[in-house]
Amino acid sequence: MVKKMLVVLLGILVLAAGSASAQVVTGEAAPDFTLTDTKGVAHRLSGLKGRVVLLEWSNPDCPFVKKFYASKSIQQWQADYVSRGVVWLSINSSAAGKQGYYSPAELDGILVAAGFAGTAALLDPDGKVGRLYGAQTTPHIYVIDAQQKLVYQGAIDSKASVDAADIATATNYAAAALDAVLAGKPVTVQATKSYGCSVKY
Amino acid sequence: MFSILPNRIAGMFFFTTICFISGPVQAEVYAAHTRVQLIAELEAVPRSGTFWVGLLMTMDEGWHVYWRNPGDSGLAPSFEWTLLPGFSAGDIQWPYPQAIFAAPLTSFGYAKQVLLAVPLSVPANGFLSETVDIKLKTSWLACRVECVPGQAELSLSLPLAIRGEDPRFSNEARYFGEARSRWPVEMKNIAARSELLPGAITLEIRPSIIREGEIRFFPFRDDLIKNSAPQVSLNDGHYLLKLERANFDHDDLARLEGILWHQGGWDREGFIKAVIVRSPLVRQVPSEKTPAPLTWWLACFFAFIGGMILNIMPCVLPVLSIKVLQLVQRETDRARAFAHTGFYVLGIMVSFWSLAFLLVALKAAGHAAGWGFQFQSPVFVAAIAVMLFVFALNLFGLFDFSFNVSGRSPGNKGLGGAFFSGVFMTLVATPCTAPFMGSALGFALTQPWGVGFLIFTSLGAGLALPLVLLMVFPRLTRLIPKPGPWMIGLKHVLGFILLGSVLWLISVLGAQSGLVAVMRMLVILLLIAVALWCFGRGRRWLGAAVLIGSLVFGFQAMVSRPADGILWRAYSAGDVALARARGLPVFIDFTAAWCLTCKVNELTVLRSSAVEKLFKERKVQAFMADWTNQDPRISEALAAFKRTSVPLYVYYAPGSSEETLLPEILTFAIVRDVVGDQ
């Protein structure tokens, strides 16, 4: 009888572990993590204290991500904000064998060809950091201030579509959050529902 | 070569002619693994009112498109109509979606095929054109694992209906009929209430018919709930869904809107699978008793007080009184009584810790296990009722048992018994939550598990305290009156209190499982009483036999589920005729509460899971004609079958005009033979 109960309890715990979902709340500390980028350099979030950080979950094969990259709009934002001191980290959480999974060298090649102007592109193939932050879609944006507090999470902009023409008429939430943080002002829109393809965990 | 050329020219001429004739009419496109077609329900456009057109999307194997709220990822299809002046397009009617799981994400959409229908309204003042051109520009997202966006420009030309004639249905009309059967309907006869809590939204539904099956709430907004979190639902007379809120601020939200899908269906026939929910959100008013936020030590304090108060609650007091009696009897042997109490306290603490551990684990696994959840299982309720009944009989002096008090065997048996009585005390205390406890326990479950354990420990300490006090200050036991004849009176009073608890538990069982379960329970209690009387009289073997008999009966009762599978409708000649007209098999049970044969047949055959399964498979419409009060309509019906008494079992095979009468004593084989061969 005791044995049976123990097995049941164990089962419940296993279930619990498996279904653990992230609870990153805007306004609270951003969870720390360490990931390696496409050039083999390790990046640790806590080591970036004092800098404003933007995390961009990405998948080069997703039509929503392609909308931003093919129109060269996101590369402009990357170049602009990096020159203003923001650390722009793109994170790829596609699991091996799933869409969007590339080896570091391959992904590096793709990003160079696309004109990626962020600070680094990190690889998260086991999806740990993705699940830690609760990243649901590509793209999914998280803006972290200099004190490592999460100030924005959600969509890049307000128009959920694959049409590049919508970028110009949409409200850019990521840029607004970055502008506010860099100017020392509070972020007005702190959380939105992200849109895009699902992250291929 | 010369002979080929004319053919070629002819072929090209034909081809271009056909192109010209077909013109720009493109009602069908294949893109993004989806075949999209613009179809109309009617062959012609009516001269007034509305008519339905729609986008029929047929996806390749493994691909899906999205609902109006795509869920965690994806994109809903969008429509842009180009219509003749005066025509207007209404909103898309979305059939209920299915949940698409790609852990840890959940999306909502459609696989294989879906029709998104839109009503077009004809201009009131008429118009000139004899043909109506309808153009639709649509874009959608189709995903399997990877996603592909699709776009299409479709057009459809319909003639205007002939004046005075109603346009006929087109070849594609059947898609519209099918889609309509999957449109969510407005709720009728269903009371709904929703509440906005700090981390969740609760939705309480009281439909008139309770069915088995999965339930899921699909919100219209995409930022409302965590789509992957389980929507815990309890089912005891009503459904309660607890939806985990997403990390967005909704405190100004006025209503909960979405569709509620039920695998078993909401209506009698189970055809309507989804209803529309538009429930105003009630905000939970913070109670004056608990200041928010509750600090952990305050919660521990409340838990401690609550634990002490539990001692005088109706669930616990009778059991505590047994402990008091024990103590009184053991007053002389102090050392043993001390060890006894120590183990009793240990029993309480260990069971509280186990419960805390279990609750934390269950909570982590995503179940809304509120305090008192054990009492949701009818088997648990029945077991506790039996135990309390046995104690009551003991107090009445029907028999003696050395469960707690053992003068002969020192040490272990008594200590083990003390430990288990501590455990039992905890189990029984759970549903009687004193006012303090609700907030302290709710708080405990939201805190890191260390704090939660502390709170549960305080609860256990409070529960155990009175007895420990009596132990530590032996003078207090002197306050307890000396043993004497008054003890017998006290025992009897406590016995009555225990019987009261048993009564309450049986009423809980009745609410959970129905009258049949209550009857079974009473039979079991009677048998157990008889068995214990035998034991008390020294007739061990007879007692054991009766006990085994009651256990067998109880087990069989447990195994055969209560009849919420077959819906037994009240007999009405009209309903029976309607069911027969629809070609469904009909089974009528003429019964009465005072008819013993009827009840035995029902308990053993008609309510068994085998018959239930058979009826479900054959879609048998079951009617119960209750003659308990000698209803004249039912007397008439009986007379029509040339009978004047019950039981009577009538079966109409589908499409047949003759009935089959089953014998008065049923067995599953008889039912199977009659219902089985059609």
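**Exercises on chains A and B**

In the hairpin of S7(A) and S8(A), five residues lie between the strands, and A:Gln148 has a positive phi near 65°. The model is predicted: local features require pLDDT of at least 70 and side-chain atom pairs pLDDT 80 or more, while totals for chains, interfaces and linings use all residues. Residues are numbered from 1 along each chain as its sequence is written, and chains are lettered from A and ligands numbered from 1 in the order in which they are written.

**Exercise 1.** Identify the buried residues of helix H7 (residues 173–182) of chain A, and state what covers them.

*Solution.* 
1. The buried residues are A:Tyr173, A:Ala174, A:Ala177, A:Leu178 and A:Val181.
2. Because they cover an arc of only 135° around the axis, they lie on the same side of H7(A); the arc is that of the directions from the helix axis to the C-beta atoms.
3. Their cover includes strand S3 (53–57), helix H3 (73–83), S7 and S8 of chain A.
4. Just after H7(A), A:Gly184 has a positive phi of about 80°.

**Exercise 2.** Describe the largest nonpolar core, and name which members touch the most others.

*Solution.* 
1. A nonpolar core is a set of buried Ala, Val, Leu, Ile, Met, Phe, Trp, Tyr and Cys residues joined through C-beta atoms within 7 Å.
2. The largest has 105 residues, of which A:Leu54, A:Ile141, A:Val143, A:Leu178 and B:Val65 touch the most other members.
3. Its largest share, seven residues, comes from strand S10 (residues 131–143) of chain B.
4. Apart from this core lies another, of 26 residues, including B:Ile588 and B:Leu662.

**Exercise 3.** State what part of chain B is buried.

*Solution.* Of the 678 residues in chain B, 33% are buried. The chain's secondary structure comprises 18 helices and 24 strands.

How values were computed:
Pairing = 2+ DSSP bridges. Helix = DSSP H or I, 4+ residues; strand = E, 2+ residues; numbered from the N terminus. Buried ≥ 20, exposed ≤ 12 C-beta atoms within 10 Å, placed from the backbone. Contact = placed C-beta atoms within 7 Å.
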